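Morning, everyone. Please have a look at the model on the screen, and then I'll walk you through a few parts of it.

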Amino acid sequence: MSDTPLTPREADDALAAEYVLGVLDASERAEVAARIKREPIFAARVLDWEDRLAGLNDGFAEARAPKLLPKIEARLFPKAAPTRRFGVVGWLSGGLVAAALALVSITVLAPPRPAPVAVLATADNRLAYRVTHFGGSLQVTRVAGVPAVAGQVHELWVIAPGASPVSLGLLEDRPLVVSYPVPPAGFVLAVSIEPEGGSPTGAPTGPVILTAEIGAT
Amino acid sequence: MSDDPIADLIAKCAAADRAAFRTLYRDSSAKLMGVLLRMLKERAEAEDALQEVYTRVWLRADRYDPAKGRGMTWLIAIARNLAIDRLRARPEGTSDDGLDTVQDSAPRAETRLVAQGEARRMSDCFATLDPDKADAVKGAYLNGLSYLDLAARHAVPLNTMRTWLRRSLLKLKECLDQ
């Protein structure tokens, strides 16, 4: 860029375009993903580029998709009875964090209104998040402990059976409200420690400190 | 109901309508499979990615805003992002025959592009770029090529490639936003 340098606005726009195109390497991409999470204006530029380049989507020919729907549904809609409680612990990669995990039954804490669908708490209850469901939303409130130290943040994940974690958002001082029409029984919620702004990769990168299965009470 | 049936189905998914989810899979999975197969090149990985894409679609359906774009655009963005993340996680130097696919699919893309006004504007704007640079943008978008791949293909240093491409993208924006 030795000739006329780009203005900051142009540079941001070019970066958003590079992200949408997908030309960046893994670490640059992760940095941009983190910016998208914390800067709504930048996120809007990325959306604009998705829309702008959508005309190229005609270049993707259709290909017959295998009948994967039953597998996807089995993942997303487990049968009513909670399936293997530890079924997803595999991705937590074992020993490091397992000791810190506790599936705390809701009876441990004073029953709030409405009844929580899950409680994410450490064994000693020094850090606890209560998850309630009402009005078509999950609300996640810290009921014990403090937020992550400066420069870090607690990030909430939902994991459908057999699937990779999907971020539901960052747990900061305000309760986190996630639109969720029906609490997905049998899914696992997890909290990991991530750099400020949230996981840069879209998957948990820091230690998973809490997990709980929805409706496993 | 809107003129965007895919968008309507996504909205129903956000309201936990499983029948709508099945219809959405029926109506969009061939396109998304096409995206994943083209970018990832390996069928087994594309199938695995397709399951992941629809899992994400169901879980994130409430974040889709029809005011910000068509339903299919949103679905393809999810599929492309997943494919690109997987490509970039592969060890360097494993991306292969991108060039061939760029070339053999380009005419088909071109003829289909003529069909719609919006797409025609897109190809008009691409025509304002140097052919090399237009190819680089399309190759990256459709085949998931990285700067590293593009620099190798066009035999220029990576920084040169990056400067080129950034300028071209801004030029493209100026044309498309008119």
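Let's start with two helices. Helix α1 (residues 5-14) of chain B packs against α2(B) at an angle of about 145 degrees, and their axes are 8 Å apart. Axes here are lines fitted to C-alpha atoms, for helices over the stretch in contact, and angles run from 0 to 180 degrees between N-to-C directions. Helices (H or I, at least four residues) and strands (E, at least two) are DSSP runs, numbered from the N terminus.

Some ground rules before I go on. This is a predicted model: local features need pLDDT of at least 70, side-chain atom pairs count only at pLDDT 80 or more, and totals for chains, interfaces and linings use all residues. Residues are numbered from 1 along each chain as its sequence is written, while chains are lettered from A and ligands numbered from 1 in the order in which they are written.

Back to the pair. Which residues of α1(B) meet α2(B)? They are B:Ile6, B:Leu9, B:Ile10, B:Lys12 and B:Cys13. Across from them, α2(B) brings B:Ala20, B:Phe21, B:Thr23, B:Leu24, B:Asp27 and B:Ser28. Contact means C-beta atoms, placed from the backbone, within 7 Å. This contact divides into 7 nonpolar, 2 polar and 2 charged residues. Ala, Val, Leu, Ile, Met, Phe, Trp, Tyr, Cys and Pro count as nonpolar, Asp, Glu, Lys and Arg as charged, and the others, Gly among them, as polar.

Now the loop between α1 and α2 of chain B, where B:Ala16 lies. Its phi is near 65 degrees, a positive value in a residue other than glycine. Most residues other than glycine have a negative phi. Is B:Ala16 buried, exposed or partly exposed? It counts as partly exposed, because it has 17 C-beta neighbours inside 10 Å. The cut-offs: buried is 20 or more other C-beta atoms within 10 Å of a residue's own, exposed is 12 or fewer, and partly exposed is in between, with C-beta atoms placed from the backbone.

B:Ala155 also has a positive phi, about 55 degrees. This alanine is in the loop between α8 (147-154) and α9 (158-176) of chain B. B:Ala155 has 7 C-beta neighbours inside 10 Å, so it counts as exposed.

Step back to chain B as a whole. It has 9 helices and 0 strands. Of its 178 residues, 43% are buried.

Next, the core. The largest nonpolar core has 100 residues. Such a core is a set of buried Ala, Val, Leu, Ile, Met, Phe, Trp, Tyr and Cys residues joined through C-beta atoms within 7 Å. Those with the most contacts inside it are A:Leu120, A:Leu189, B:Leu36 and B:Ala83. Helix α2 (residues 18-40) of chain B gives the most to this core, with 10 residues. Beyond its neighbours within four places in sequence, B:Ala83 touches several residues, including B:Leu36 and B:Gly144.

How do the chains meet? Chain A puts 45 residues into the contact, and chain B puts in 59 residues. The side of chain A that touches chain B has 26 nonpolar, 7 polar and 12 charged residues.

Last stop: a sheet in chain A. Its 4 strands form an open sheet, in the order β5-β4-β7-β8, with antiparallel pairing. Strands pair if DSSP finds at least two bridges between them. β5 (166-171) and β8 (208-213) of chain A stand at the edges with a single partner strand each, so one side of each has no neighbour in the sheet. Between β7 (residues 188-195) and β8 of chain A there are 5 bridges. There, A:Val188 stands opposite A:Glu213.

Note on methods
Contact = placed C-beta atoms within 7 Å.
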